[in-house]
Amino acid sequence: MPMDGEQKTMSENDKKKEYLRSYRQHVRRIHRINAEIAELRSMKMYPGMMFNDGMPHGSGGQGDLSGYAADLDEMILKLQHERYLRIKTYQQIVRQIKKLRSENEKDILFYRYITGLDWWEIAEKMSFSERWIYQLHGRALAHFELPKEFIEVQSDM
């Protein structure tokens with residue numbers, strides 16, 4: 001059973017990982033929104049399929065495209081907002097990573113949480129064993145400081 005200090009450290013590391021992972025979450029959401037936009041646009045190319053419910057829709061099967069345009073506009077606005085959040089998050093996280101003293105620790109956090117590399121890819125890129133990468137990652141997390149804004153937001157929850 002972990003002692004109080006160990007549990008606190010584990011909880012602190014979980015918060016740090018959550019913060020560091022937030023950038024990749026924006027990247028995934030951007031990919032998903034782009035896929036949704038592509039799907040919506042492909043449905044417009046075949047408008048007869050958009051209203052394949054057996055009901056008459058007028059306009060020679062073209063359907064009402066105002067709903068399509070509104071949906072597309074909404075998705076594009078979501079995409080722009082998510083891109084903004086991605087850039088803002090990137091800048092914040094990289095700023096925090098750059099505060100670390102060790103270049104190896106900076107590299108590991110950047111490769112893992114910004115570029116999304118797997119552990120073995122980081123080990124290969126840095127010419128270290130995967131085991132050593134895990135140890136350096138632990139050290140990097142121990143030295144990594146969460147920004148005050150993130151800590152304040154977390155304590156409000």
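1. Of the contacts in the chain between residues at least 6 apart in sequence, 65% join residues at least 24 apart; contact means heavy atoms within 4.5 Å. This is a predicted model, in which local features need pLDDT of at least 70 and side-chain atom pairs count only at pLDDT 80 or more, while totals for chains, interfaces and linings use all residues. Residues are numbered from 1 along each chain as its sequence is written, and side-chain values use heavy atoms, with hydrogens and water left out.

2. The chain has seven helices and zero strands, in the order α-α-α-α-α-α-α along the sequence. Helices (H or I, at least four residues) and strands (E, at least two) are DSSP runs, numbered from the N terminus.

3. Of the 157 residues in the chain, 29% are buried. Buried means under 20% relative accessible area, exposed over 50%, and partly exposed in between (1.4 Å probe, protein chains only). The accessible surface of the chain is about 11000 Å², and carbon and sulfur atoms account for 52% of it. Accessible areas come from the Shrake-Rupley method with a 1.4 Å probe; for residues, only the protein chains shown count as cover.

4. Helix 5 (residues 119-126) packs with helix 6 (residues 130-143) at an angle of about 100 degrees, the axes being 9 Å apart. That makes helix 5 roughly perpendicular to helix 6. Helix 5 contributes Trp119, Trp120, Ile122, Ala123 and Met126 to the contact, and helix 6 contributes Glu130, Ile133, Tyr134 and His137. By class, this contact has seven nonpolar, one polar and one charged residues. Axes are lines fitted to C-alpha atoms, for helices over the stretch in contact, and angles run from 0 to 180 degrees between N-to-C directions. Angles under 35 degrees count as roughly parallel, over 145 as roughly antiparallel, 65 to 115 as roughly perpendicular and the rest as oblique. Ala, Val, Leu, Ile, Met, Phe, Trp, Tyr, Cys and Pro count as nonpolar, Asp, Glu, Lys and Arg as charged, and the others, Gly among them, as polar.

5. The axes of helix 4 (residues 103-114) and helix 6 come within 9 Å and cross at roughly 100 degrees. Helix 4 and helix 6 are therefore roughly perpendicular to each other. On helix 4 the contact involves Asn104, Glu105, Ile108, Leu109 and Tyr113; on helix 6 it involves Ile133, Leu136, His137, Arg139, Ala140, Leu141 and His143. The classes here are seven nonpolar, three polar and two charged residues.

6. Leucine 136 is found in helix 6 and is buried, with a relative accessible area of 5%. Apart from its neighbours within four places in sequence, leucine 136 is in contact with Asn104, Glu105, Ile108 and Phe128. Its C-alpha atom is separated by 9.7 Å from that of serine 102, 34 residues apart along the chain.

7. Which residues of helix 5 are buried? They are Trp119, Ile122, Ala123 and Met126. These residues cover an arc of only 100 degrees around the axis, which puts them on the same side of helix 5; the arc is that of the directions from the helix axis to the C-beta atoms. The buried residues of helix 5 pack against helix 4 and helix 6. Exposed residues Glu124 and Lys125 are on the face turned away from the buried side.

8. Serine 127 follows helix 5 and lies in the loop between helix 5 and helix 6. Its phi is near 60 degrees, a positive value in a residue other than glycine. Serine 127 is exposed, with a relative accessible area of 62%.
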